Amino acid sequence: MSVIQYNELISAASAARLLAYAPYSGFRVGAALVTKAGKIYTGCNVENISLGLTICAERSAIATAVAQGSKDFAAIAVVTEGKKPAIPCGACRQVLAEFNPGMKVLTATTDGKVQEFDLAELLPLPSQGILEGSRDV
Ligand code: THU
């Protein structure tokens, strides 16, 4: 993906962040997924008074994209406020890996610091996980 597309994806995640429902933590997160065909789907965190039922921005974007017929993801951008970019939590890494363990993960702050990862480095050995092994029993 080109730098221009990366910028577009980060902008989409930034816009989605403003829609976050985060009254408990005050920490708004925006995510934008792009498919291999170039379609963009966004998500934001949706908190709940139970805290445990909170939905992260990345999983919200995945659910939106899948519900609209896309599963072939190339990259995700995640935007947060703070001194340095925040990397997706473990649960989100696993949900992203379900669709493409090799996808690119861009993380950015609202003031423009950007980091780029391969999902495989954030979640090593995705196809040797205990859940994957359970398919062979
Ligand atoms: N959060 C995300 O949206 N994505 C992550 O990868 C980790 C955390 C949200 C959940 C909660 O609303 C807030 O950030 C603070 O944890």
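Q: A pocket is an open set of points on a 1 Å grid over the protein atoms alone, with protein on both sides within 12 Å along at least five of seven lines. What volume does the largest pocket have?
A: The model considered here is predicted. The largest pocket is lined by 13 residues, and those closest to its centre are Q94, E98, P126, S127 and E132. Its volume is about 300 Å³.

Q: Which helices each supply at least two residues to the lining of the largest pocket?
A: By class, the lining of the largest pocket divides into 7 nonpolar, 3 polar and 3 charged residues. The elements that each supply at least two residues of this lining are α3 (90-99) and α5 (130-133).

Q: In which pocket does the ligand sit?
A: A molecule is assigned to a pocket if more than half of its atoms lie within 2 Å of the grid points of that pocket. By this criterion, the ligand sits in the second largest pocket.

Q: Which residues are closest to the centre of the second largest pocket?
A: About 180 Å³ of space lies in the second largest pocket, and α2 (57-67) and β3 (73-80) are the elements that give two or more residues to its lining. That lining comprises 10 nonpolar, 4 polar and 2 charged residues. Of its 16 residues, the closest to the centre are F27, V29, C56, A57 and E58.

Q: How many residues of the shell around the ligand are charged?
A: The residues around the ligand are S25, F27, V29, N45, E47, T54, C56, A57, E58, P88 and C89. With 6 nonpolar and 3 polar residues making up the rest, the number of charged residues is 2.

Q: What share of the accessible area of the ligand does the protein cover?
A: An oxygen atom of the ligand is 2.7 Å from an N or O atom in the side chain of E58, and one is 2.9 Å from a polar backbone atom of A57. A backbone N or O atom of C89 also lies 2.9 Å from a ligand oxygen atom. Of the 370 Å² of accessible area that the ligand has on its own, the protein covers 75%.

How values were computed:
Residues are numbered from 1 along each chain as its sequence is written. This is a predicted model: local features need pLDDT of at least 70, side-chain atom pairs count only at pLDDT 80 or more; totals for chains, interfaces and linings use all residues. Side-chain values use heavy atoms; hydrogens and water are left out. A residue is near a molecule or strand if one of its heavy atoms lies within 4 Å of it. A polar contact is a pair of N or O atoms within 3.5 Å; within protein, one must be able to donate a hydrogen and the other to accept it, and residues adjacent in sequence count only if both atoms are side-chain atoms. Accessible areas come from the Shrake-Rupley method with a 1.4 Å probe; for residues, only the protein chains shown count as cover. On a 1 Å grid over the protein atoms alone, a cavity is a set of points where a 1.4 Å probe fits but cannot get out, and a pocket is an open set with protein on both sides within 12 Å along at least five of seven lines; lining residues have an atom within 4 Å of a point. Ala, Val, Leu, Ile, Met, Phe, Trp, Tyr, Cys and Pro count as nonpolar, Asp, Glu, Lys and Arg as charged, and the others, Gly among them, as polar. Grid points are joined across faces, edges and corners, and a volume is the space filled by probe spheres set on the points. Helices (H or I, at least four residues) and strands (E, at least two) are DSSP runs, numbered from the N terminus.
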